[in-house]
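The following note sets out some points for a colleague who is examining this model.

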Amino acid sequence: MFSKQEQRRAILMYDCDGVILTHTVSLQQTVNAQYYCSFLEHNLRAILRKKPQHFLLNPPIVLQDNARPHAVKAVADLFDRWDW
């Protein structure tokens with residue numbers, strides 16, 4: 001087990017080319033549906049706009065490890081608004 005000082009939390013985004021985004025989350029921050037959706041809107045979308053258009057033909061596959069159902073629903077709703 002890690003002590004509190006050794007623990008780190010991160011959000012990693014990657015595609016077929018490898019890691020496209022890393023984001024460190026402080027231990028004091030709760031990563032709830034609102035935080036995660038805000039992160040996606042402000043970070044992931046900007047990065048995906050820079051990708052070649054053929055990468056965006058299909059929606060991304062999103063793995064939300066340990067996400068609660070209401071958080072998954074919020075992200076699915078966000079992707080629906082983006083027409084993914």
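**Notes on the predicted model**

1. The side chains of Lys73 and Asp77 are joined by a salt bridge, with an N to O distance of 3.0 Å. Both residues belong to helix H2, where they stand four residues apart, about one turn of the helix. Asp77 is classed as partly exposed because its relative accessibility is 32%, which lies between the limits of 20% for buried and 50% for exposed.

2. How many salt bridges does a search of the whole structure find? The search returns two.

3. The average pLDDT of the chain is 78, and 75% of the residues score at least 70. Where is confidence lowest, and where is it highest? The lowest mean, 82, belongs to strand E1 (residues 9-15), and the highest, 86, to helix H1 (residues 33-49).

4. Phe39 is part of helix H1. Is this residue buried or exposed? Phe39 counts as buried because its relative accessibility is 4%, where the limit for that class is under 20%. Neighbours within four places in sequence aside, the residues in contact with Phe39 are Ile11, Met13, Leu21, His23 and Leu44. For one of these, His23, the C-alpha atom is separated from that of Phe39 by 9.1 Å, and the two residues are 16 apart along the chain.

5. The count of aromatic pairs comes to two. One of them is Tyr36 with Phe39, a stacked pair with 6.4 Å centre to centre and 20 degrees between the planes. Tyr36 and Phe39 are both in helix H1, three residues apart, about one turn of the helix. Both residues are buried. Phe79 and Trp82 also form an aromatic pair, which is tilted, with 5.6 Å centre to centre and 40 degrees between the planes. Phe79 is buried, its relative accessible area being 11%, and Trp82 is likewise buried, with 8%.

6. Attention may also be given to the surface. Which residues form a nonpolar patch there? Leu12, Tyr14 and Val19 do so, and together they have about 360 Å² of accessible area. Of these, Tyr14 is placed in strand E1. Tyr14 is classed as exposed because its relative accessible area is 60%, where the class requires over 50%.

How values were computed:
Residues numbered from 1 in each chain as written. Predicted model: local features only at pLDDT ≥ 70, side-chain atom pairs only at ≥ 80, totals over all residues. Heavy atoms only, no water. pLDDT = per-residue confidence, 0-100. Helix = DSSP H or I, 4+ residues; strand = E, 2+ residues; numbered from the N terminus. Patch = residues over 30% accessible without salt bridge, like charges linked within 9 Å, V, L, I, M, F, W, Y side chains within 5 Å. Areas by Shrake-Rupley, 256 points an atom, 1.4 Å probe, with all protein chains shown as cover. Salt bridge = Lys/Arg side-chain N within 4 Å of Asp/Glu carboxyl O. Buried < 20%, exposed > 50% of the residue type's maximum accessible area, 1.4 Å probe, protein only. Contact = heavy atoms within 4.5 Å. Phe/Tyr/Trp six-rings, centres within 6.5 Å; stacked < 30°, edge-to-face > 60°.
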